[in-house]
Amino acid sequence: MNKKIAFISLNVDSIGYATNSYPMKNDPAFKIAIPRIEKILDKYNAKMSAFVIGKDLEDDSNIDVLKKLIERGHEIGNHSYSHYQNFAFLKDDVQSREIEDTHNLIKKKLNYDSKGFIAPGWNSNSFTIKKLVDLNYSYDHSLAPSPLMFLAMLKMLLNYVFNYFSKKKVAHTYNIKDLFSRKDYARMFFGKQKPYPVKNSYFKSKDKKIWVIPLPTKYKLSYWMTLEYVFPKFLVNFIFKLVATRSEQFYLLIHPADFLDNNDFNNLEKTPNLERINIDVEYKLNIFENRLKQLISYGYEVKTFISQYG
Ligand SMILES: [Zn+2]
């Protein structure tokens with residue numbers, strides 16, 4: 001039997017993005033979070049795939065850390081130019097620019113050919129796939145076929161309402177309007193569960209294909225690190241174990257805010273618009289390292305997407 005394979009997908013949702021002030025000079029997502037993640041990965045000789053927002057590449061202070069990642073065998077992928085949450089509902093020409101501009105920036109600034117994509121909020125459509133095929137991409141992992149995502153969104157709404165009425169001062173990770181202006185709920189219930197190649201007749205060349213790699217699910221349940229702050233611990237543990245022990249492939253989705261806390265923002269005037277930033281960074285680093293250890297103990301080899309799907 002083939003070894004089970006796990007990927008680490010870092011969606012570099014920068015602090016510049018979260019505070020709508022990007023590109024941000026010396027963004028802590030690049031300067032602090034990425035080195036922290038790498039330090040843990042190095043202990044287990046694991047490589048990750050980091051998906052960047054094009055706008056962040058406009059500032060050269062964010063570039064060095066990415067170049068070093070490439071030198072050390074990590075992968076760089078495309079996470080759109082502006083990170084519009086309603087990505088699949090953008091007009092085709094806008095979506096096209098969002099993908100292509102970032103693709104070109106990665107090439108120009110990092111001298112790297114990006115082959116993988118993830119849409120903001122896993123929100124993609126068939127045009128996304130066509131565009132990625134045109135750009136010679138190998139895979140797209142913008143599919144979360146789990147209603148848990150819908151539940152997580154409901155829970156976030158409840159937290160929001162609760163905090164509003166209790167007048168607790170809490171910064172929010174998400175924009176409520178963005179969350180509920182999505183229209184792709186059907187995919188959360190009916191999307192495919194396993195990686196599959198798309199080989200449509202409308203592609204110019206018949207033998208062109210692209211892999212779609214869904215967030216792994218079991219009984220429609222799925223895990224991504226954000227759940228650690230949304231659901232109770234016992235439930236998250238249960239979901240992680242259920243999915244990770246019964247899948248052949250797994251991807252662990254993480255964000256820079258999982259590796260930063262308020263102490264990293266002494267010089268930042270604006271409060272980062274990120275709820276999980278209030279959670280102690282040591283606690284979060286521990287969660288990540290423990291999940292990584294669990295995956296390895298379940299027999300997974302941790303590698304980049306492109307080393308499997310290139
Ligand atoms: Zn994102």
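**Putting the labels to the test**

Biologist: Why is N62 called buried?

Modeller: N62 has 27 other C-beta atoms within 10 Å. A residue is buried if 20 or more other C-beta atoms lie within 10 Å of its own, exposed if 12 or fewer, and partly exposed in between, with C-beta atoms placed from the backbone. The count of 27 meets the cut-off for buried, so N62 carries that label. Two notes on the ground rules: residues are numbered from 1 along each chain as its sequence is written. This is a predicted model, in which local features need pLDDT of at least 70, side-chain atom pairs count only at pLDDT 80 or more, and totals for chains, interfaces and linings use all residues.

Biologist: Where does N62 lie, and what is it in contact with?

Modeller: N62 is in the loop between strand 2 and helix 3. Helices (H or I, at least four residues) and strands (E, at least two) are DSSP runs, numbered from the N terminus. Beyond its neighbours within four places in sequence, N62 is in contact with P23, D27, F30, D56 and L57; two residues are in contact if their C-beta atoms, placed from the backbone, lie within 7 Å. For F30, which is 32 residues away along the chain, the C-alpha separation from N62 is 6.0 Å.

Biologist: What makes you say that strand 2 pairs with strand 1?

Modeller: Two strands pair if DSSP finds at least two bridges between them. Strand 1 (residues 4-12) and strand 2 share 4 bridges, so they pair, and the sense is parallel. Within that pairing, S9 stands opposite S49.

Biologist: And what about strand 2 and strand 3?

Modeller: They also have 4 bridges, again in the parallel sense. A50 faces I76 across this pairing, and S49 is opposite E75. From strand 2 the chain passes through helix 3 (residues 63-71) to strand 3, a right-handed β-α-β crossover.

Biologist: Why is that crossover called right-handed?

Modeller: The label applies if, with the strands pointing away from the viewer, the path from the first strand over the helix to the second runs clockwise. Here the crossover is classed as right-handed, so the path meets that description.

Biologist: How do you know that both faces of strand 2 are covered?

Modeller: In a regular strand the side chains alternate between the two faces of the sheet. In strand 2 (residues 49-52), S49 and F51 point to one side, A50 and V52 to the other, and all of them are buried.

Biologist: What makes a set of residues a nonpolar core here?

Modeller: A nonpolar core is a set of buried Ala, Val, Leu, Ile, Met, Phe, Trp, Tyr and Cys residues joined through C-beta atoms within 7 Å. The largest one has 72 residues, and L10, A50, V52 and Y251 have the most contacts inside it. Helix 2 supplies the largest share of this core, 7 residues. L10 itself, leaving aside neighbours within four places in sequence, touches I37, M48, A50, F51 and I254 in the contact sense.

Biologist: N26 and H83 both have positive phi without being glycine. Which of them is buried, and which is partly exposed?

Modeller: N26, with phi near 50°, sits in the loop between helix 1 (15-18) and helix 2 (28-43). Its count is 13 other C-beta atoms within 10 Å, which falls in between the two cut-offs, so N26 is partly exposed. H83, with phi of about 60°, is in the loop between strand 3 and helix 4 (92-110). With 23 such atoms, H83 is buried.

Biologist: How far should I trust the coordinates?

Modeller: pLDDT is the predictor's confidence in each residue, from 0 to 100. The mean is 86, and 80% of the residues reach 70 or more. Residues 169-173 fall below 50, although this stretch has 13 contacts in the model beyond near neighbours in sequence. Where pLDDT is low, the predicted coordinates should not be read in detail.
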